[in-house]
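Look over the sequence and the model, then read on.

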Protein chains: 2
Amino acid sequence: MQVISNTTPAASPIRGIQHTTLAGSNQGLKQLSIWQQVIDPGCATPPHSHECEEVAMCTAGSGELLFGDGKKLEFGANQTVIIPAHALHQIVNSGDQPMHAVAVFGKTPVAVYLPDGQPLDLPWAT
Amino acid sequence: MQVISNTTPAASPIRGIQHTTLAGSNQGLKQLSIWQQVIDPGCATPPHSHECEEVAMCTAGSGELLFGDGKKLEFGANQTVIIPAHALHQIVNSGDQPMHAVAVFGKTPVAVYLPDGQPLDLPWAT
């Protein structure tokens, strides 16, 4: 059992993405990883997939979830995005305000893969 | 892939606990369940355990995590509580404001057990 004081998302090497890992393998977890991110307007994650499910809760701003062959779902504050395991996707801040989200993963650490199947080495503890 | 509009936590049969399930097995998830709850001042969860990890992010108010043989950890807004699988615990709102939290579980549906090992049949979809 432990109580952790959340750290504020801070600039990462991925342009326009501020990140903090609220909890994950570094905190002794074996099943869950939880990230908090802010994506600046006009910025995006790389297209990628995970070997586990992701649920992202948007708390402010808005964005688009791109997937499949040109498919798109829009989301905003107080909406929750469900991404199945192994599903290629990209999250874009298409709005004019910072997009804030808490993302939950069903494994820890979280393995991330680029569209060509190569692992993406993330610049934060997952 | 789907986007869900969050529902606001609503009164449950457990006194002083407002609950909504943001995502879980009913939304097609296989690894994760995510709940949002408000616990009124002076109210508490029953003492219980899960067969999976729980991570609870407190977004407003404050509370106490009771566990083990009389152990206690205090938490408040912008703090995250980590509860290992199978660990008996109780969350109490010991403050004078409603305590808001988002709780994430590493399985779905979430099996919950009372201290005597009997399953607790929760009054919401987990």
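How much area do chain B and chain A bury between them? They bury about 3,100 Å², 67% of it on carbon and sulfur atoms. Buried area is the accessible area (1.4 Å probe) that two parts lose on being put together, summed over both. M1(B), E53(B) and I82(B) supply 26% of the area that chain B buries against chain A, more than any other three residues.

This is a predicted model: local features need pLDDT of at least 70, side-chain atom pairs count only at pLDDT 80 or more, and totals for chains, interfaces and linings use all residues. Residues are numbered from 1 along each chain as written, chains are lettered from A and ligands numbered from 1 in the order written, and side-chain values use heavy atoms, without hydrogens and water.

**The interface**

The table lists counts for the contact between the chains.

| Item | Count |
|---|---|
| Residues from chain B in the contact | 38 residues |
| Residues from chain A in the contact | 38 residues |
| Salt bridges between chain B and chain A | 0 salt bridges |
| Polar contacts between chain B and chain A | 16 residue pairs, both at pLDDT 80 or more |

Contact means heavy atoms within 4.5 Å. A salt bridge puts a side-chain nitrogen of Lys or Arg within 4 Å of a carboxyl oxygen of Asp or Glu. A polar contact is a pair of N or O atoms within 3.5 Å; within protein, one must be able to donate a hydrogen and the other to accept it, and residues adjacent in sequence count only if both atoms are side-chain atoms.

Several strands of chain B give two or more residues to the side that touches chain A, among them β1 (2-5), β3 (17-23) and β9 (79-83). β9(B) gives the most, with 5 residues.

Chain A has 0 helices and 12 strands. Helices (H or I, at least four residues) and strands (E, at least two) are DSSP runs, numbered from the N terminus. The C-alpha atoms of chain A fill a box of roughly 40 × 30 × 25 Å, taken along the principal axes.

Which strands form the open sheet? Its 7 strands run in the order β2(A)-β3(A)-β4(A)-β11(A)-β6(A)-β9(A)-β1(B), with antiparallel pairing. Two strands pair if DSSP finds at least two bridges between them. β2 (10-11) of chain A and β1 of chain B are the edge strands, each pairing on one side only.

A10(A) stands opposite H19(A) in β3(A).
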